[in-house]
Amino acid sequence: VLVATRHDTHAEIAAAALRAGKAVFLEKPLGLTREEIDEVWAAGTGNDRLVIGFNRPFSELAARLGEEVRAAAGPIQLVYRVASPAPAGHWLNDPLQGGGRILGEACHMFDFANWLCGTPERVFAAAPPAPRGAASTESATTTIQYADGSVATVHYSGVGSTSMPKERIEVMRGDRSWILDDFSTLTTYGPDGERTDKARGDKGHAALLGHALAAARGEEPYEPGLGAAYLAQSVALAALDSIASGEPVAVEPPPARSA
């Protein structure tokens with residue numbers, strides 16, 4: 001079952017499909033509330049065959065970045081900047097249907113940070129006021145602390161120019177640095193100097209779908225699966241709670257499975 005509806009029906013359909021024993025490919029997000037993501041998690045108790053639509057780690061250059069970062073040592077510092085302006089009245093900004101940009105879109109970036117940095121533990125976020133006509137938070141800066149001491153900052157902006165390249169990722173670890181520009185250029189800085197690799201800007205959509213089909217055939221594991229989906233959305237929920245309270249917020253892990 002491929003779930004590509006608008007965000008407000010993701011959890012309901014995914015949970016029903018899992019309970020019916022189906023293999024599921026679910027476009028992000030997993031859900032828009034804690035209750036929704038808990039519902040899908042509970043539905044996965046007897047059948048966790050779900051792949052979430054977090055495609056960016058499957059990009060050619062992102063995969064290379066991941067290999068090189070993991071070969072280095074020490075905590076990671078990561079900055080992920082997103083420039084993604086959209087009309088204030090766009091359905092993504094509808095808090096009921098789209099959930100807003102942080103729940104509905106920035107979860108992509110939170111997952112990418114989790115993929116590189118590990119287990120998220122605490123979030124601190126701040127946001128400028130939403131533009132006139134937008135009914136939810138459109139832009140925010142979210143800092144995530146990880147269990148191993150790594151720190152990631154996701155700077156998601158809907159207020160800049162539409163002509164700016166959309167995504168830029170900077171990673172520092174163990175005396176090495178990397179810049180991934182819009183998934184088309186990866187520049188590596190290290191003891192041997194500077195190296196630049198280029199690709200066509202693929203964000204991993206086709207590779208992820210191929211992986212999901214292989215998982216449904218029993219050839220590969222279901223990854224990124226329910227655990228990754230839950231944690232990314234839990235970071236997003238914590239970010240909104242932090243924006244509202246002005247305080248750091250702990251990231252809630254998936255509920256423990258009953259024996």
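The entries below go through sheets, helices, cysteines and one asparagine.

**Ground rules**

I am working with a predicted model, where local features need pLDDT of at least 70, side-chain atom pairs count only at pLDDT 80 or more, and totals for chains, interfaces and linings use all residues. Residues are numbered from 1 along each chain as its sequence is written, and side-chain values use heavy atoms, with hydrogens and water left out. My helices (H or I, at least four residues) and strands (E, at least two) are DSSP runs, numbered from the N terminus.

**Entry 1: the three-stranded sheet**

I began with the open sheet whose three strands come in the order β1-β2-β3, with parallel pairing. Strands count as paired if DSSP finds at least two bridges between them. β1 (2-3) and β3 (50-52) each have a single partner strand, so one side of each is left without a neighbour in the sheet. I then followed β2 (residues 24-26), which pairs with β3 in the parallel sense over three bridges. Within that pair, F25 has V51 of β3 as its bridge partner.

Next I looked for a helix on this sheet. Helix α1 (residues 10-19) lies across β1, β2 and β3 and runs at about 170° to β2. For such angles, axes are lines fitted to C-alpha atoms, for helices over the stretch in contact, and values run from 0 to 180 degrees between N-to-C directions.

Which residues of α2 are buried? I found R34, I37, V40, W41 and A43, where buried means under 20% relative accessible area, exposed over 50%, and partly exposed in between (1.4 Å probe, protein chains only). These buried residues pack against α1, β3 and α7, and contact here means heavy atoms within 4.5 Å.

Helix α2 (residues 34-43) and helix α7 (residues 226-245) pack at about 170°, with axes 11 Å apart. The two helices are therefore roughly antiparallel; on this scale angles under 35 degrees count as roughly parallel, over 145 as roughly antiparallel, 65 to 115 as roughly perpendicular and the rest as oblique. From α2 the contact uses R34, I37, D38, V40 and W41, and from α7 it uses L226, G227, Y230, Q233, S234 and L237. By class I noted six nonpolar, three polar and two charged residues. Ala, Val, Leu, Ile, Met, Phe, Trp, Tyr, Cys and Pro count as nonpolar, Asp, Glu, Lys and Arg as charged, and the others, Gly among them, as polar.

**Entry 2: the nine-stranded sheet**

I moved on to an open sheet of nine strands in the order β11-β10-β9-β8-β4-β7-β6-β5-β12, with mixed pairing. Its edge strands, β11 (193-198) and β12 (249-250), each pair on one side only. Inside the sheet, β4 (residues 77-83) and β8 (residues 167-173) are antiparallel over six bridges, and V79 has E170 of β8 as its bridge partner.

I also traced the hairpins. β9 and β10 pair in the antiparallel sense over five bridges, with S177 opposite Y189 in β10. Their hairpin has three residues between the strands, and D182 takes a positive phi near 50° there. β10 and β11 form a hairpin with two residues between them. Those two strands run antiparallel, joined by six bridges, and T188 stands opposite R195 in β11.

**Entry 3: α5 and its surroundings**

α3 and α5 pack at about 35°, with axes 10 Å apart. A62, A63, L65, G66, V69 and R70 of α3 meet F112, W115 and L116 of α5. I sorted that contact into seven nonpolar, one polar and one charged residue.

N114 sits in helix α5 (residues 107-117). Is N114 buried or exposed? At 11% relative accessibility, N114 counts as buried. Leaving aside neighbours within four places in sequence, N114 contacts P120, Y146, L231, A232 and V235.

**Entry 4: cysteines**

How many disulfides does the structure hold? I found zero, taking a disulfide as a pair of cysteine sulfur atoms within 2.5 Å. The sulfur of C107 has its closest cysteine sulfur in C117, 17 Å away and too far for a bond. C107 is buried at 0% relative accessibility, and C117 is buried with a relative accessible area of 5%.
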